[in-house]
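Please look through the model shown below before reading on. The briefing that follows starts from a single residue and then widens to its surroundings.

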Amino acid sequence: SGRYFHRDTTLWASWTITGPRHRVFFGGDTGYTPAFAGIGARFGPFDLTLLPIGAYNDAWHAIHMDPEEAMRAHGDLGGRVLVPIHWATFNLAFHRWAEPVQRLLAAAGRTGAQVVVPRPGERIDVLDLPALVDWWTAVGSAAPDSHADAGVGSSVLARTMTRLLSLLPG
């Protein structure tokens, strides 16, 4: 793993909490992998999965999941309720700010999966799920025809840095 000029100095990990009655899977900062099915078979099913859905881009396909891949991972893990993570922080990719959660909810609608999207800092009770309330549209310039929030500046910088770093030896 790595960030900027530092390589192999950090570990971005997923983990599980398994108790006698409930199980949680935290997906960390990851791309989709078929290994989710093995994790689900070994440690699942999970009452709650927290999976990354944002900052996706074709250039980072193996690094960051897109919302549909997160829904697939949730199914592979045997998840009951999914809470999306790793989105809505800062513009790293070309997608609109609220697009990840919009795409996730569309994918969940096709599969019937339960998704909870808490406001930042909001506490949820997985045994007593709150109603799904769209708070992200008002916050994130999520209008389908709006590209004012496309994150172009920061994503161009991130891509340029990634390409420059790939040229460094070692």
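Leaving aside neighbours within four places in sequence, Asp66 is in contact with Ile53, Tyr56 and Arg103, where contact means heavy atoms within 4.5 Å. This is a predicted model, in which local features need pLDDT of at least 70 and side-chain atom pairs count only at pLDDT 80 or more, while totals for chains, interfaces and linings use all residues. Residues are numbered from 1 along each chain as its sequence is written, and side-chain values use heavy atoms, with hydrogens and water left out.

- Asp66 has its place in the loop between strand 5 and helix 2; helices (H or I, at least four residues) and strands (E, at least two) are DSSP runs, numbered from the N terminus.
- Asp66 is buried, with a relative accessible area of 17%, given that buried means under 20% relative accessible area, exposed over 50% and partly exposed in between, with a 1.4 Å probe and protein chains only.
- At the start of helix 2, a side-chain oxygen of Asp66 reaches to within 3.1 Å of the backbone nitrogen of Glu68.

**Helix 2 and what covers it**

- Helix 2 spans residues 67-76, and its buried residues are Pro67, Glu69, Ala70, Met71, Ala73 and His74.
- The cover over these buried residues includes helix 1 (35-43), strand 5 (46-52), strand 6 (79-85), helix 3 (99-111) and strand 7 (114-115).
- Just after helix 2, Gly78 takes a positive phi of about 70°.

**Nonpolar cores**

- The largest nonpolar core has 23 residues, of which Leu51, Trp87 and Trp136 touch the most other members; such a core is a set of buried Ala, Val, Leu, Ile, Met, Phe, Trp, Tyr and Cys residues joined through side-chain atoms within 4.5 Å.
- Strand 5, helix 2 and helix 3 are the elements that give two or more residues to this core, and helix 3 gives the most, with 4 residues.
- Leaving aside neighbours within four places in sequence, Leu51 is in contact with a set of residues that includes Phe25, Met65, Ala70, Ala73, His74, Leu82 and Ile85.
- A second, separate core of 7 residues includes Leu48, Leu50, Val81 and Val126.

**Strands 3 and 4**

- Strand 3 (residues 15-18) and strand 4 (residues 23-26) run antiparallel and are joined by 4 bridges, where two strands pair if DSSP finds at least two bridges between them.
- A hairpin joins strand 3 to strand 4 through 4 residues, and the bridge partner of Thr18 in strand 4 is Arg23.

Definitions and conventions
Polar contact = N/O pair within 3.5 Å; in protein donor to acceptor, adjacent residues only side chain to side chain.
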